[in-house]
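Please look at the chain shown below before reading on. The report after it is meant for someone meeting this structure for the first time.

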Amino acid sequence: MSTITLKLELFKPTKFKQAMYERMTQINTEFANWLLLRPDVNKATSKIFKEFSNEKFPSAIINQTIRDVRSQKKHQQARVFRKMWCSFNNQNLKVEKNGDFYTVS
């Protein structure tokens, strides 16, 4: 099967989505700093977020944050994060072809 390259035009986020992303970044930064102080960060899984907060948060972001905190703590001896952006990867990416168009979700 040959590789298909898609160029996607992304729409500017609405005010609601901007506010939601800012709130998610705030929660993610607080979680990363909380996690940084834990001695058992190397054993952390996404379930540890329940100890931090009762809020719902995407597990893909939690897992990526745990990986980032582990790396920063081990290799750069980080002490505090001023801002830990939510990292998105292709872990939950889905591309579907509908007729002549592609849908990405």
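What follows describes a predicted model, beginning with the overall fold and going on to the core and a pocket.

**Overall form**

The chain contains three helices and two strands, and from the N terminus on these elements follow one another in the order α-α-α-β-β. The radius of gyration of the chain is 17 Å, well over the 13 Å that the globule rule gives for 105 residues, so the chain is more spread out than a compact globule. Of the 105 residues, 26% count as buried. Among contacts between residues at least 6 apart in sequence, 59% join residues that lie at least 24 apart.

**The largest nonpolar core**

The largest nonpolar core holds 19 residues, and the members that touch the most others are Phe31, Leu35, Phe57, Ile66, Val69 and Phe81. Helices α1 (15-36) and α3 (59-75) each supply at least two residues of this core, and the largest share, six residues, comes from α1.

Two of these core members, Phe31 and Ile66, can be followed through their contacts, and the table leaves out neighbours up to four places away in sequence.

| Residue | Residues in contact |
|---|---|
| Phe31 | Ile48, Phe49, Phe52, Ile62, Thr65 and Ile66 |
| Ile66 | Phe31, Leu35, Ala44, Thr45, Ser46 and Ile48 |

Which residues line the second largest pocket? The lining is made up of Leu10, Phe11, Lys12, Pro13, Thr14 and Lys17, and about 160 Å³ of space lies in this pocket. By kind, the lining residues divide into three nonpolar, one polar and two charged. Lys17 is one of the lining residues, and its number places Lys17 within α1 (15-36), the helix from which the largest share of the core comes.

Methods. Residues are numbered from 1 along each chain as its sequence is written. This is a predicted model: local features need pLDDT of at least 70, side-chain atom pairs count only at pLDDT 80 or more; totals for chains, interfaces and linings use all residues. Side-chain values use heavy atoms; hydrogens and water are left out. On a 1 Å grid over the protein atoms alone, a cavity is a set of points where a 1.4 Å probe fits but cannot get out, and a pocket is an open set with protein on both sides within 12 Å along at least five of seven lines; lining residues have an atom within 4 Å of a point. Grid points are joined across faces, edges and corners, and a volume is the space filled by probe spheres set on the points. Ala, Val, Leu, Ile, Met, Phe, Trp, Tyr, Cys and Pro count as nonpolar, Asp, Glu, Lys and Arg as charged, and the others, Gly among them, as polar. A nonpolar core is a set of buried Ala, Val, Leu, Ile, Met, Phe, Trp, Tyr and Cys residues joined through side-chain atoms within 4.5 Å. Buried means under 20% relative accessible area, exposed over 50%, partly exposed in between (1.4 Å probe, protein chains only). Helices (H or I, at least four residues) and strands (E, at least two) are DSSP runs, numbered from the N terminus. Contact means heavy atoms within 4.5 Å. The radius of gyration is taken over C-alpha atoms; the globule rule is 2.2 Å times the number of residues to the power 0.38.
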